[in-house]
Amino acid sequence: MWNDLYRRNDYFYGVQPDDFIKQYLNYIKGPVLILAESDGRNTVYLATRGFEVLAVNAHSAGLHKAHRLARERNVSIETRQIDPEFFVPEPGKFRTVLSAFAHLPKRIRKNLHGRVMRALEPGAIVMLVGYGKNEAGHGTCGPDAEDMLYDRTDIEEEFSGCETILSCEHEAGVIAGAAHTEEAGIVQYIGRKT
């Protein structure tokens, strides 16, 4: 399904970065790891800001388009095709890990976040934004499976080795290309590993 969406000529989620990333850009330190990146909008945006970025995704077509967008913007990015269930970040390499609407089944997400935490050095930043459980019933493009929606308490527990800088659930406009143009219930989290 995802490779089919990413094979479209246009960028399914658009080319503008997620508003959360722009709003909290001052917390980002490189190198940056982006988990389950779509077709490159966030990766390329950070690269245009001078960050070294690695984007991981299970879907080759999305990563191919990320490289196309990088060429269009005259920046360099690194990508790796791997299923998030099996991805293990290189210890000590990344100073920021970003997860923007990377909805996975809770068991897989929890294990991935545990591996991320073990790989980060103290002071590293974790940033996450996605549809929250309060999104159920909105009828938007978020996941249908409640298990894949975020709960602020779960996210805080998964990153319990971090000092919480921001943790909130609220309604916000989600604009992401043709895929999302709606009000939605979202969770935002920023933490600094202690």
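The structure is a predicted model, in which local features need pLDDT of at least 70 and side-chain atom pairs count only at pLDDT 80 or more, while totals for chains, interfaces and linings use all residues. Residues are numbered from 1 along each chain as its sequence is written, and side-chain values use heavy atoms, with hydrogens and water left out.

A search of the whole structure finds eleven salt bridges, where a salt bridge is a side-chain nitrogen of Lys or Arg within 4 Å of a carboxyl oxygen of Asp or Glu. The table lists some of them.

| Residue | Partner | Closest N to O |
|---|---|---|
| Lys 22 | Asp 19 | 3.7 Å |
| Arg 109 | Glu 158 | 2.6 Å |

The salt bridge between Arg 109 and Glu 158 links distant parts of the chain, since Arg 109 lies in helix α5 (residues 106–119) and Glu 158 in helix α6 (residues 152–158), 49 residues apart. Helices here are DSSP runs (H or I, at least four residues), numbered from the N terminus. Both Arg 109 and Glu 158 are buried, which means under 20% relative accessible area, whereas exposed means over 50% and partly exposed lies in between (1.4 Å probe, protein chains only).

Lys 22 and Asp 19 are three residues apart in helix α2 (residues 19–23), so about one helical turn separates them. Lys 22 is partly exposed, at 39% relative accessible area, and Asp 19 is also partly exposed, at 43%.

In the remaining pair of the table, Glu 78 is partly exposed with a relative accessibility of 33%, and Arg 80 is partly exposed with 35%.

Definitions and conventions: Helices (H or I, at least four residues) and strands (E, at least two) are DSSP runs, numbered from the N terminus.
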